[in-house]
Amino acid sequence: MKLIVGLGNPGPGYANNRHNTGFICLSHLAKSQGIKLDKKLGKARTGSGRVAGIDVVLARPQTYMNLSGESVSLLLKKLKIDPADLVVIHDDLDLPPGKIRLRRNGGSGGHKGVESIVACLQSQDFLRLRVGIGRPPVAEPGESDIIHYVLSDFSKEEETVLNEVITRVSQAIICLLTNGLTAAMNKYN
């Protein structure tokens with residue numbers, strides 16, 4: 001069984017924020033696979049089913065981004081899933097909009113949600129699917145610029161790119177589940 005987590009912030013005020021890219025991509029995957037995120041487990045909205053013949057639990061933590069690790073660690077314990085069978089989908093400032101990257105291990109890249117997961121699991125041994133949102137259009141953005149940027153809604157132009165990338169994210173997850181990490185990286189990175 002795999003646990004696939006999309007990171008974001010709960011509540012309608014955050015729904016279309018750049019920082020909710022993980023939620024948006026996970027919701028698309030769930031809908032495309034006929035999985036309803038209608039259960040509450042481990043401080044998350046969850047749904048279970050099969051994707052590409054593999055049993056999965058899809059989850060959107062309800063702890064807010066910076067505390068995502070609380071929910072993810074609870075889910076792993078309750079479901080008896082190893083961190084190696086965890087896939088985390090999240091936004092990434094260092095990738096241009098529309099680009100995705102799969103990888104196992106590594107640091108957080110400054111992403112507070114991933115930092116929280118690493119801290120709570122005391123492990124970096126999980127898969128990440130990073131979805132590019134680009135950087136704020138400022139010469140040298142400070143922390144407040146970055147916070148404002150990630151907590152702002154996508155522009156109309158960015159929504160067009162996002163609508164294309166969410167489909168690719170679902171395809172990358174399916175490829176990952178059926179063909180493994182190396183094949184998915186070769187095709188989608």
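Buried denotes under 20% relative accessible area, exposed over 50%, and partly exposed the range in between (1.4 Å probe, protein chains only). The model is predicted: local features need pLDDT of at least 70, side-chain atom pairs count only at pLDDT 80 or more, and totals for chains, interfaces and linings use all residues. Residues are numbered from 1 along each chain as its sequence is written, and side-chain values use heavy atoms, with hydrogens and water left out.

Helices (H or I, at least four residues) and strands (E, at least two) are DSSP runs, numbered from the N terminus. In α2, the buried residues are Ser68, Gly69, Ser71, Val72, Ser73, Leu75 and Leu76. They pack against β1 (2–6), β2 (39–41), β3 (44–51), β4, β5 and α3 (112–121), where contact means heavy atoms within 4.5 Å. Ser68 has a relative accessible area of 1%; leaving aside neighbours within four places in sequence, Ser68 is in contact with Leu7, Thr63, Gly113, Ser116 and Ile117. Just after α2, Lys80 takes a positive phi of about 55 degrees.

A nonpolar core is a set of buried Ala, Val, Leu, Ile, Met, Phe, Trp, Tyr and Cys residues joined through side-chain atoms within 4.5 Å. Two such cores are listed here.

| Core | Residues | Named members |
|---|---|---|
| Largest nonpolar core | 34 residues | Most contacts inside it: Ile4, Leu58, Ile89 and Leu129 |
| Another core, apart from it | 18 residues | Among them Ala44, Ala59, Val88 and Leu121 |
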